[in-house]
Amino acid sequence: MADSASQLQTQIEIKRSHQEKELANLPIITFPETQGQESHKAKAPFFKSRGRKRGTDTWVISVFVILHVVAFAATMAVNDCWRNSHGDCALKMLGRLSFQPVSENPLLGPSASTLDQMGALRQTFLKEYHHTWRLFTCPWLHAGFIHLILNLGCTVLAGIHLEKEFGPVRIGIIYIFSAFVGSLAAALFVQNSPAVCASGSLFGLLGAMLSGLIRNWNFYTDKSAAIVLLFFVSTINFAIGLLPYVDNFSSIGGFISGFLLGFTLLFTPQTRIVAHSKAGIFEHNVKSSINFKLKLDRPIMRSVSLLFFVLVILGFLAAVLQGLNISQYCKWCKYIDCVPSKRWSCNDITTNCETIVSNSQLTMTCMGHGNFRVFPYTNISQARMKDLCTLLCS
């Protein structure tokens, strides 16, 4: 009799354990608090998984990061500083992948001619040669190793969180469209020097994070810390855009795109209850599933945001196809994209140099102000001669 009671008790405990596991896997449902009762509050950390597996959450961002790394490696292989610049390189131990001198590229990257060859934007390419295909290649290019590390590091920080929160499809859409809108914005202000637009997609993610924070304002805690973090990341990456070759207008266009698409797509995130002791910078309270959904699913807001996004992308595209370049009418806009310094050049004017070959030496003289330089070699490509002439005349 005692054995039967013990077996029955064991079966009850096993069944209870199974029921508890099943309940743990169910979505969290709470009900509006009754009068005089305290509502149950649940915390969900912003930068932690909401119950999905990491491997399936972040595949979109992982693919984009890998593509950017491959594109940069291919760019440096094509650049081949050791051969094309005759060993006048930074970090020579890297051989073919060594960088151009810091005076030529302060971000430790390729030459201007290599960026042109790989698909960077330039005013002459769009206006005279109508290379509209560069609008799709420039978002995958980085100006240098420093630009690559900062850009991809922040992309991983923002993208992994957003992908876990809202899924790969919506974040992939925001990433791609922000990259394209960023390249369109860059084309409207591009100067006669190479411009890469990889920052457009990053700023699209940052814009989406901001719109997500605004949409869920009543549910987030420590909102000031979240805004400070977004401001810090945006400022650092925008400051990189003040160096040569990195286009800041693509960052502005990408941010606008991500901000509008965030209001359109980022609704009903996955939420799970976690202990209050695990609270982080970004958290939100779920008062009730009904109120939560009503707060997030605002069809009018989504419709208006989508309308504005369509108007922005169509307006930018029409202006670019018509050959409009706002930099011709805005003389100070170039300082948003590149700030001149003694350590680098923001020269975007057409330069001419006289070259004289004698005794296995090449003498190059700038026709603008007469500066000259003697190079101990003569086997140099026309594209590389253009790079050296630009540096000499800066």
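Which residues of the largest nonpolar core touch the most other members?

Modeller: This is a predicted model, in which local features need pLDDT of at least 70 and side-chain atom pairs count only at pLDDT 80 or more, while totals for chains, interfaces and linings use all residues. Residues are numbered from 1 along each chain as its sequence is written, and side-chain values use heavy atoms, without hydrogens and water.

The largest nonpolar core has 50 residues, and those touching the most other members are Leu121, Leu162, Ile171, Ile174, Leu205, Leu206 and Leu266. At least two residues of this core come from each of α3 (59–79), α8 (145–166), α9 (168–189), α10, α11 (223–240), α12 (248–265) and α14. Helix α9 gives the most, with 10 residues. Such a core is a set of buried Ala, Val, Leu, Ile, Met, Phe, Trp, Tyr and Cys residues joined through side-chain atoms within 4.5 Å. Buried means under 20% relative accessible area, exposed over 50%, and partly exposed in between (1.4 Å probe, protein chains only). Helices are DSSP runs of H or I of at least four residues, numbered from the N terminus.

Leu121 itself, with residues up to four places away in sequence set aside, touches Leu126, Arg134, Leu135, Cys138, Ser183, Ala186, Ala187, Val190, Ser193, Pro194, Ala195 and Cys197; contact here means heavy atoms within 4.5 Å.

The rings come next. Rings of Phe, Tyr and Trp (its six-membered ring) pair if their centres lie within 6.5 Å; planes under 30 degrees apart are stacked, over 60 edge-to-face, and the rest tilted. By this rule there are 10 aromatic pairs. Phe136 and Phe180 are stacked, at 5.3 Å centre to centre with 15° between the planes. Their pair joins distant parts of the chain, Phe136 being in helix α7 (residues 134–137) and Phe180 in helix α9, 44 residues apart. Phe136 counts as exposed because its relative accessibility is 54%, whereas Phe180, at 18%, is buried. Phe255 and Phe259 are likewise a stacked pair, because their ring centres are 6.5 Å apart and their planes at 10°. Both lie in helix α12, 4 residues apart, about one turn of the helix. Phe255 is partly exposed at 25%, and Phe259 is partly exposed at 23%. Ring pairs also link Phe64, Trp140 and Tyr175 into a cluster.

Helix α14 has 23 residues, for which 1.5 Å a residue gives a span of 33 Å, and its end C-alpha atoms are 33 Å apart, which agrees; the expected span is 1.5 Å times one less than the number of residues. Its buried residues include Ser305, Phe309, Ile313, Ala319 and Val320, and their cover includes α7, α9 and α12. After α14 comes Gly323, with a positive phi near 80°. The C-alpha atom of Cys330 is 8.9 Å from that of Phe189, although the two residues are 141 apart along the chain.
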